[in-house]
Amino acid sequence: MNPVRPWRQRLATTLAGLLTASLAIVLVPGTAFAGPNEGDIFSAVNAARSSAGLPAYSYASDLTAAARGQAERMAASGELYHNPNLASEVGGWSRIGENVAYAGDWRSAHDVLMNSPDHRAQILDSGYTQMGVGTAVGDDGTFWVAEVFRTPSGAPASSDAGGPSSSGGEASDSTGTTSTGTSRESAPAAVAPEPTPEQILRQNIRDAREKVADRSKGRRNDDPIVAVLDFTAVMNAVSG
């Protein structure tokens with residue numbers, strides 16, 4: 001008996017298994033959840049629905065494409081906002097909604113959505129039956145997510161379904177969320193997070209600079225009266 005044969009047989013079996021796995025990956029390109037942790041968020045949403053006694057969302061590839069595109073745009077710009085073209089970008093709906101959020105990782109993003117009444121209501125809406133989720137990670141490591149929900153055209157309305165629209169604001173200093181929903185009779189309205197004190201101060205400074213620039217047009221830069229007026233304009237703008 002050749003003592004090498006069992007070893008060779010095991011090696012052949014292992015290689016065959018690896019080849020089978022590789023072929024499986026090749027034969028199924030472009031899996032449903034291509035973005036980072038998209039499948040994790042989809043599973044977490046359906047787990048929350050199951051805990052609430054609701055049926056799971058079915059996966060919709062067109063909703064996922066719209067959600068992923070929005071997540072990538074937010075990650076590129078570093079700004080949290082709704083897809084202004086959602087109503088026309090996605091078809092076949094009688095109701096459609098969107099949650100968008102950013103956080104340090106996917107679990108934090110999901111948690112902050114579930115801890116916000118408006119966003120939780122979208123996730124647990126009994127009228128929606130389909131969902132797509134898209135994610136992206138910004139250059140600074142921020143995790144961005146968009147969730148799109150749909151009630152297909154012609155689907156029976158649920159008595160527990162949400163109203164035509166809903167919206168939410170910023171959840172905390174380190175995470176942000178907004179949600180929006182719409183029916184065929186109304187267009188989705190993006191709701192921006194509440195500005196932070198730092199953002200308000202920066203905007204006031206920009207406003208002050210514009211006022212100073214307006215006052216300086218056609219006047220001497222060394223005019224002391226103009227300087228006093230410019231200083232007053234700056235102080236008034238910064239103090240709000």
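Trainee: Which residues have the most contacts inside the largest nonpolar core?
Mentor: They are I41, Y57, I123, M131 and V145, in a core of 21 residues. Such a core is a set of buried Ala, Val, Leu, Ile, Met, Phe, Trp, Tyr and Cys residues joined through side-chain atoms within 4.5 Å; buried means under 20% relative accessible area, exposed over 50%, partly exposed in between (1.4 Å probe, protein chains only). This is a predicted model, in which local features need pLDDT of at least 70 and side-chain atom pairs count only at pLDDT 80 or more, while totals for chains, interfaces and linings use all residues. Residues are numbered from 1 along each chain as its sequence is written, and side-chain values use heavy atoms, with hydrogens and water left out.

Trainee: Which residues form the aromatic cluster?
Mentor: Y57, Y128 and F149 form one cluster. Rings of Phe, Tyr and Trp (its six-membered ring) pair if their centres lie within 6.5 Å; planes under 30 degrees apart count as stacked, over 60 as edge-to-face and the rest as tilted.

Trainee: How many aromatic pairs are there?
Mentor: The count is four. Among them, Y102 and W144 are tilted, at 5.0 Å centre to centre with 45° between the planes. Both Y102 and W144 are buried. Y128 and F149 are stacked, because their ring centres are 5.7 Å apart and their planes lie at 20°.

Trainee: Which charged end sits over the ring of Y128?
Mentor: That of R95, 4.3 Å from the ring centre. The rule requires NZ of Lys or CZ of Arg within 6 Å of the ring centre and within 35 degrees of the ring normal. R49 likewise lies over the face of Y57, at 3.8 Å from the ring centre.
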